[in-house]
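User: I would like to learn how to read the sheets, helix packing and cores in a structure. Please take one feature at a time.

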Amino acid sequence: MDQLITLPLTSLEVPHSRYRLTNLRQITMGCDVAFTVNVREGRVLLGVIENHGNGGDTWFNAATFDHRQAMREFTASCRWKGEPTSEEDVYGHLVDEHELSLAARRCARTRKSLLRGLDADGDTVHTTEAGAPSVWLARGDYPYMNQLARELRELRPSPGSWQVWDGEQWKDLKLPTG
């Protein structure tokens with residue numbers, strides 16, 4: 001297998017970075033979020049990843065049979081935490097990477113921080129934004145760190161740890177206790 005590329009925000013390992021997601025459309029449904037997002041290679045539309053938001057599967061609707069085969073090969077090569085993963089999980093991680101990259105760019109423009117809360121297995125259970133530059137949070141010298149820690153502790157399920165995106169990588173967030 002060729003060298004895999006690790007996506008920075010989700011850590012999904014992919015065989016190449018030629019595919020990109022565009023035109024994400026979402027709507028909150030009764031039990032989940034319905035969405036569609038285009039998958040492109042350059043200017044070519046390969047197909048659409050979609051979920052109806054009713055607790056069902058996420059799938060890929062290919063524009064052509066060849067695009068369907070290319071996506072199958074792509075997803076079969078992907079790894080999550082070093083292990084093979086399902087097509088549906090790959091689609092979910094790709095959508096998460098896209099959403100997080102949009103949020104990270106928005107935070108950088110507005111001098112806010114993108115945070116993620118991790119469970120004991122290292123999986124993201126929350127993402128949120130904080131109204132302070134990430135450099136302050138990463139250094140731990142944000143003057144309202146106690147207030148931020150209280151707000152983050154109220155979230156359920158309660159993450160075991162928090163990280164802040166510094167524009168290039170996730171860094172552990174040292175929150176005061178108490």
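User: How many bridges join strand E11 to E12, and in which sense do the two run?

Analyst: Two strands pair if DSSP finds at least two bridges between them. Helices (H or I, at least four residues) and strands (E, at least two) are DSSP runs, numbered from the N terminus. Here 3 bridges join E11 (residues 161–165) to E12, and the two run antiparallel. Trp165 has Trp170 of E12 as its bridge partner.

User: What should I know about the model and its numbering?

Analyst: This is a predicted model, in which local features need pLDDT of at least 70, side-chain atom pairs count only at pLDDT 80 or more, and totals for chains, interfaces and linings use all residues. Residues are numbered from 1 along each chain as its sequence is written, and side-chain values use heavy atoms, with hydrogens and water left out. The pLDDT is the predictor's confidence in each residue, from 0 to 100. The protein chain averages 93, and 98% of the residues score at least 70. Among its elements, helix H3 (residues 134–139) has the lowest mean pLDDT, 90, and strand E2 (residues 13–14) the highest, 98.

User: In what order do the strands of the open sheet of 4 lie?

Analyst: The order is E10-E9-E11-E12, with antiparallel pairing. E10 (124–130) and E12 (170–172) each have a single partner strand, so one side of each is left without a neighbour in the sheet. From one strand to the next the twist averages 30°.

User: Which helix lies across E9, E10 and E11, and at what angle to E9?

Analyst: Axes are lines fitted to C-alpha atoms, for helices over the stretch in contact (heavy atoms within 4.5 Å). Angles run from 0 to 180 degrees between N-to-C directions. Helix H2 (residues 87–110) lies across these strands, running at about 140° to E9 (113–118).

User: Which strand pairs with E3?

Analyst: E3 (residues 19–28) pairs with E4 (residues 33–41) in the antiparallel sense over 8 bridges. The two form a hairpin with 4 residues between them, and Ile27 stands opposite Ala34 in E4.

User: Which residues touch the most other members of the largest nonpolar core?

Analyst: A nonpolar core is a set of buried (under 20% relative accessible area, 1.4 Å probe, protein chains only) Ala, Val, Leu, Ile, Met, Phe, Trp, Tyr and Cys residues joined through side-chain atoms within 4.5 Å. Of the 18 residues in the largest one, Val39, Ile49 and Phe74 touch the most other members. H2 gives the most to this core, with 4 residues.

How values were computed
Buried < 20%, exposed > 50% of the residue type's maximum accessible area, 1.4 Å probe, protein only.
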